[in-house]
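Here is a friendly briefing on one protein chain, arranged by topic. Please have a look at the structure first, and then read on.

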Amino acid sequence: MTPEELLTRHVYSLKWEQIPSNVQDSVSTMLIDTMGVILAGLKSKECQNLLSKYCLWGGVEESSVAGSKQLLPAPSSSFLGGVMAHWWEWDDTHDDSAVHASAVIFPALLSAAEAAKKDKGEISGKEFLSATVTAFDVACQVGAMLVPHYHFGTMATGVPGHIGAAAGVARIIGLGEDGIMSAMGIAAEQAGLSRQPLADRVNGKNILCGIAAAQGVQSAYAAQAGIIGSKNFLTGKFGLNAIFAEGKADLDKGLSNLGKKFSVTEASIKPYPCCRSTHPGLDLTFDMLKEEPDLGKKVQSVEVTSSEIINELVGSPFNPGKDPRVAAQFSIPYCQSVALKRGKISLDDFNPVQVTSNKEILDFAKNVTVIPIKEKIKGATWWWPHKVKFKLNDSSVREREVKALRGSLARPFLPSEQQEKLEEAGKDVLSNDQLKELVNAAKNIGKNGIASVMKIMREAKLNK
């Protein structure tokens, strides 16, 4: 079978009974995290402006959007959900592929399930969870196959996110193997989102997951309408391997483990609302601050050593530019400065006013440098090796290397940490009681479906 056929068969044939309980639990965990970061996105004026515009445009009332009683067409609601989920750079990451899977897959599949009236009851709930598992597998496996494409100027989520969402939606709306294959092929025709907004440090980057979610939905509905997508979207002469990876992709990577190893269990929850590439150094800094609480007062300068990819993404000297929020989220110097001077890092630290007004943090950011490692290191990843060296006022040095990323399988979030993140993300838009209800609803989708989750999200309201 071709790689495309193996993925299609997996999406179509995986049964609820074949999914281990820990994998089912992972779906609920990732959904709770995603609903939380969507609530955080709802607080931004830009997302509020988009929501108002789409509600004004209206359309067929079929799918929910956080913060609105008004239902919208599935492509509209999935777009808005993806934008909100990715707005603060707080959505999860599949570290092996760098794919932001949840910010694309959940908005797409939730919207489609509501539109198809498959949002209530045990059968619908189990089918939603099963479709989500397969959508993650497609997105993350395709992403892992095409890792080289990231260096060609395309957002890592831009190609696989479209395809995974299309596959999951196609299953939810009841398409067979041919329809699922076509949905993925149609999604592949559109796949690829430019990293230029990130290079320019503008918030246009944060709508990309919304675009992928909406196009995933549209691709599945196109297949339902009888549009036939390419069956060779990965392997063909003009397939994704040729276009994005110069034909060098490992197209068999992970496919033998479909149905045995599940990508949703490998997604990393992000503890900090900033680019994942800043996280290794932040983890080390907070670990050292726990051991030496007054360390921040002693540090004179910071030297971070990491990969060329991390240096390119987040290693430049900090410049607030025209969009201070985005500039700060993609800056090791800024994030390290906040961590050392405040002892923590939160959503408020990326408020544009906060970014540009705290002189102490801005001044210390000038003392943080990032040095790329140019030589090839066997076993290296995009984030390892990663070292942080603190030079103290007394000329002594504190130095440490990252062993595991917080929020990953190797260093998973504790339930208490997940709750703290949800409370910070959801404060001002849902009460604590509503947040508890949201958690309970997400954990019981397999029994009740998604309707209760979406009802609570519609109730989100800004407390101005």
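## The second largest pocket

The second largest pocket has a lining of 22 residues, and those nearest its centre are Pro 271, Tyr 272, Ile 345, Arg 406 and Glu 420. A pocket is, on a 1 Å grid over the protein atoms alone, an open set of points with protein on both sides within 12 Å along at least five of seven lines; a cavity is a set where a 1.4 Å probe fits but cannot get out, and lining residues have an atom within 4 Å of a point. This is a predicted model, in which local features need pLDDT of at least 70 and side-chain atom pairs count only at pLDDT 80 or more, while totals for chains, interfaces and linings use all residues. Residues are numbered from 1 along each chain as its sequence is written, and side-chain values use heavy atoms, with hydrogens and water left out.

- The elements giving two or more residues to the lining of the second largest pocket are H12 and helix H19 (415-426); helices (H or I, at least four residues) and strands (E, at least two) are DSSP runs, numbered from the N terminus.
- H12 gives the most to this lining, with five residues.
- The space in the second largest pocket is about 550 Å³, where a volume is the space filled by probe spheres set on the grid points, which are joined across faces, edges and corners.
- Its lining residues divide into 10 nonpolar, two polar and 10 charged; Ala, Val, Leu, Ile, Met, Phe, Trp, Tyr, Cys and Pro count as nonpolar, Asp, Glu, Lys and Arg as charged, and the others, Gly among them, as polar.

**Helix H12**

- Helix H12 (residues 279-291) has 13 residues that should span 18 Å at 1.5 Å a residue, and its end C-alpha atoms are 19 Å apart, which agrees; the expected span is 1.5 Å times one less than the number of residues.
- Because 11 of its 13 residues are buried, H12 is largely enclosed by the rest of the structure; buried means under 20% relative accessible area, exposed over 50% and partly exposed in between (1.4 Å probe, protein chains only).
- The cover over the buried residues of H12 includes helix H13 (295-298), helix H16 (332-342), strand E7 (387-392) and strand E8 (397-401).

**The largest cavity**

- There are three cavities of 30 Å³ or more, and the largest cavity holds about 120 Å³ of space.
- The largest cavity is lined by 14 residues, with Ile 38, Ser 64, Gly 81, Leu 110 and Met 454 nearest its centre.
- Helix H2 (21-42), strand E1 (63-65), helix H4 (74-86), helix H5 (102-115) and helix H22 (451-458) are the elements that each give two or more residues to this lining.
- H5 provides the largest share, four residues.
- Nine residues of the lining are nonpolar, four are polar and one is charged.

**Helix H2 and Ala 108**

- H2 is largely enclosed by the rest of the structure, because 18 of its 22 residues are buried.
- Ala 108 lies in helix H5, and its 0% relative accessibility counts as buried.
- Beyond its neighbours within four places in sequence, Ala 108 is in contact (heavy atoms within 4.5 Å) with Ser 78, Ala 165, Val 169, Ala 213 and Val 217.

**The whole chain**

- The protein chain has 22 helices and eight strands.
- Of its 464 residues, 59% are buried.
- Its C-alpha trace spans about 70 × 50 × 40 Å along the principal axes.
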